[in-house]
Structure formats: C-alpha cells, structure tokens
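This report describes the fold of one protein chain and then turns to selected residues. Please consult the sequence and the structure while reading.

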Amino acid sequence: MKSRAPSILSGDLVLTGSIVSEGEVQLDGTVDGDIRAGSLIIGEEAVVTGEVFAETVVIRGKVSGSVRARQVQLASTARIEGDIVHAALSVESGAFFDGHCRHSTDPLAEKSAPAAAAPSAPKMDNRPPSPPASKPAPVEPPLAASKTGL
C-alpha cells in the first residue's frame, strides 16, 4: 500500500462546500459544509460549520454540527456545538461540548434518523367544543291576544 501525504488546508483558506477524502486531512481554515475523511485533524484556529464523518478525528478548533467517528479526541481548545456519535471518545480538560453524546459500535454505518421518523406531539384540535347533540325544546305558539268588544 502506498503512503499518501496528508491534505493540508491552511489557515487563510475559506471553503464553502463539502470535502471528501479517503486519506488524512488537516484543516486550519474555515469550512462551511460537510467533511468526510479517513482521518481528520481540526486545528485550533479552524472552524467547521457542517457534519464531520471520519474514522478518527482530533478536534482542537470549533465545530458547529454533528460529529460521527470511530475515534474522537477533543483537545482542551475544542469547541463543539452539536451531537457526537462515537466508538471511542476522549475529552481533555477545558474542552467545550454542547450537545448529545452517544456510543455506537459502528458510528459510520448508522444513518441519522430522519426528522419525519421522530415522534411528534399529537395534533390538537383548536375548534371550540360543539354543543351536546340533544333535541331542541319544543316552542309553544304565543297566546292569542283577546279583544274585548264594546
């Protein structure tokens, strides 16, 4: 097997779109999109807005979106706002994580549950209640006025 050099995305790079690589990616810039890689290193100044999928990921910068990886390492400078699905997770003291974390034996094989499959609250009927179905009371005819003759 031939050794490949890592793909390095420098700090002055701003990318809008997805990144797909089977090898190693080192990101020091800004990505607005999803990243799928064999191995991913997100540098201290890097910002990712999107989902991250990788065999292994080391996060030192900021990620706004979900992370799915077999091995996840959050460095002390990491800032994650999103969910993490992992097989192995390590978190250094000082790392910031706001989201849900779930262990999975194969996090890359699982698919995200579609929003439509999520249980929803029962639909409410906002109409006022209808009156009870009873028969209306019979209306008596008015009494005839009597005229007195002179």
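What percentage of the contacts in the protein chain between residues at least 6 apart in sequence join residues at least 24 apart? The value is 7%, where contact means heavy atoms within 4.5 Å.

## Basis of the report

The model is predicted: local features need pLDDT of at least 70, side-chain atom pairs count only at pLDDT 80 or more, and totals for chains, interfaces and linings use all residues. Residues are numbered from 1 along each chain as its sequence is written, and side-chain values use heavy atoms, with hydrogens and water left out.

## Overall composition

The protein chain contains zero helices and 14 strands. Both kinds of element are DSSP runs numbered from the N terminus, helices being H or I with at least four residues and strands being E with at least two. Read from the N terminus on, the elements run β-β-β-β-β-β-β-β-β-β-β-β-β-β.

Of the 150 residues in the protein chain, 27% count as buried. Here buried means under 20% relative accessible area, exposed means over 50%, and partly exposed lies in between (1.4 Å probe, protein chains only). The accessible surface of the protein chain comes to about 10,700 Å², and carbon and sulfur atoms account for 55% of this surface. Such areas come from the Shrake-Rupley method with a 1.4 Å probe; for residues, only the protein chains shown count as cover.

Six strands form an open sheet in the order 2-5-7-9-11-13, with parallel pairing. Two strands pair if DSSP finds at least two bridges between them. Strand 2 (14-16) and strand 13 (96-98) stand at the edges; each has a single partner strand, so one side of each is left without a neighbour in the sheet. From one strand to the next, the twist averages 5 degrees. For such angles, axes are lines fitted to C-alpha atoms (for helices, over the stretch in contact), and angles run from 0 to 180 degrees between N-to-C directions.

Why is strand 8 (residues 52-59) described as largely enclosed by the rest of the structure? The description applies because six of the eight residues of strand 8 are buried.

Strand 8 pairs in the parallel sense with strand 6 (residues 35-42) over seven bridges. Within strand 8, Val-52 is the bridge partner of Ile-35. Strand 8 also pairs in the parallel sense with strand 10 over seven bridges, and Ala-54 stands opposite Ala-69 in strand 10.

## Salt bridges

How many salt bridges does the structure hold? There are three, a salt bridge being a side-chain nitrogen of Lys or Arg within 4 Å of a carboxyl oxygen of Asp or Glu. In one of them, the side chains of Glu-55 and Arg-70 meet at 2.7 Å, N to O. This pair links distant parts of the chain, with Glu-55 in strand 8 and Arg-70 in strand 10, 15 residues apart. Glu-55 is partly exposed at a relative accessible area of 34%, and Arg-70 is partly exposed at 29%.

Arg-70 also forms a salt bridge with Asp-106, the closest N and O atoms being 2.4 Å apart. Here Arg-70 in strand 10 is linked to Asp-106 in the segment after strand 14 (101-103), 36 residues apart. Asp-106 counts as partly exposed, with 28% relative accessibility. A further salt bridge joins the side chains of Glu-81 and Arg-79 (3.5 Å, N to O). Salt bridges that share partners join Glu-55, Arg-70 and Asp-106 into one network.

## Two buried residues

Arg-68 is placed in strand 10 (residues 67-74) and is buried, with a relative accessible area of 7%. A polar atom of the Arg-68 side chain lies 2.8 Å from the backbone oxygen of Pro-107.

His-86 is found in strand 12 (residues 84-91) and is buried, with a relative accessible area of 8%. Leaving aside neighbours within four places in sequence, the residues in contact with His-86 include Ala-69, Arg-70 and Pro-107.

How values were computed. A polar contact is a pair of N or O atoms within 3.5 Å; within protein, one must be able to donate a hydrogen and the other to accept it, and residues adjacent in sequence count only if both atoms are side-chain atoms.
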